[in-house]
Amino acid sequence: VSCVALQLCAKMRKKLILRLFLLLISCVFSCRAQLSTCTGVSRVQFFSYGTSAGDSALPQENDATSDIMDLSEPIQFYNQYRTSIMVSDSGLTLIDESGNSYAYVVPFGGDVDISGGGSIFYREATDVATLNEIQNILMIYDPLWDIIDLTSAFIATWIDVGYFDSHNELTNTYQCVVGTDGHRSFSLFLYEDIQWTTGDDDGGTDGLGGYPAIAGFIDAGRDCFLLPYSGRDSVTNLRCSSNLAEDSVLPTDGMWLYRIDGPMITDEP
């Protein structure tokens, strides 16, 4: 092989390495750009919340809970009618008429602590305007949701909530809706941001690591259904993904919709 050929091969190799390097850099910046566009569901897109919307609020303390409240419309959940509800900093507890059967709707089952800041709002909505707004959103994502003619929706909203022990340097913001027509029921989770995954008592350090939060549905002592990423550090990805159709006319990142009235949780209407 001539010296000229060897020199040509060396130049070509250098050019190839340079091109691969530039391609790698381009991919890195492209991936970063894609990640930065994942904003979840902005709180301005949440269903109305706060005192101006007629919400009640949990006290700003650790392990905050509401009183048990009767529902104007029973919610069928895990194939059983639930007639009352309680709100805690980790989710919703639905209770049957006997008071002996409990089931849980858990949008983010981490060790939420609002003693250092943040707010948790809740209400049962029965007004036509709110119910129509929710119904329209369901129909946009899948027309088959017209099988539910809403008569009641319970809305709970977590705004800038921190983690135990009274930390608020990282905060999470999300909303949970449980709706029913008296027979068929659904639950919708909306995530704006999840910055922390774990409280101090769960082995977390600076809000991460340890035993991360779960999200999903639990029929105490019988069954549970967990969303993807539950119990993993990647639970923060709930705001960047969805179980809704990717070809929807609206963005879906941060939206999770399930039918919950049957014996099993499903994402089919």
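Predicted model: local features only at pLDDT ≥ 70, side-chain atom pairs only at ≥ 80, totals over all residues.
Side chains of opposite charge can pair when their charged atoms come close. In the model, eight salt bridges are counted.

One of these pairs joins Glu-192 and Arg-43, whose closest N and O atoms lie 2.9 Å apart. The two partners belong to distant parts of the chain, being 149 residues apart. Glu-192 is located in strand S10 (residues 185-194), whereas Arg-43 is found in the loop between helix H1 (3-36) and strand S1 (56-57). With a relative accessibility of 15%, Glu-192 is classed as buried, while Arg-43, at 24%, is classed as partly exposed. Both residues also take part in a network of salt bridges that includes Asp-160.

A salt bridge is likewise formed between Arg-239 and Asp-193, with 3.4 Å between the closest N and O atoms. Arg-239 lies in the loop between strand S12 (223-226) and strand S13 (255-259), and Asp-193 lies in strand S10, so this pair ties together parts of the chain that are 46 residues apart in sequence. Because its relative accessibility of 19% falls under the 20% cut-off, Arg-239 counts as buried.

A further salt bridge connects Arg-184 with Asp-181, the closest N and O atoms being separated by 3.0 Å. Within this pair, Arg-184 is partly exposed, having a relative accessible area of 32%, whereas Asp-181 is buried, with a relative accessibility of 12%.

Notes: Residues numbered from 1 in each chain as written. Heavy atoms only, no water. Salt bridge = Lys/Arg side-chain N within 4 Å of Asp/Glu carboxyl O. Helix = DSSP H or I, 4+ residues; strand = E, 2+ residues; numbered from the N terminus. Buried < 20%, exposed > 50% of the residue type's maximum accessible area, 1.4 Å probe, protein only.
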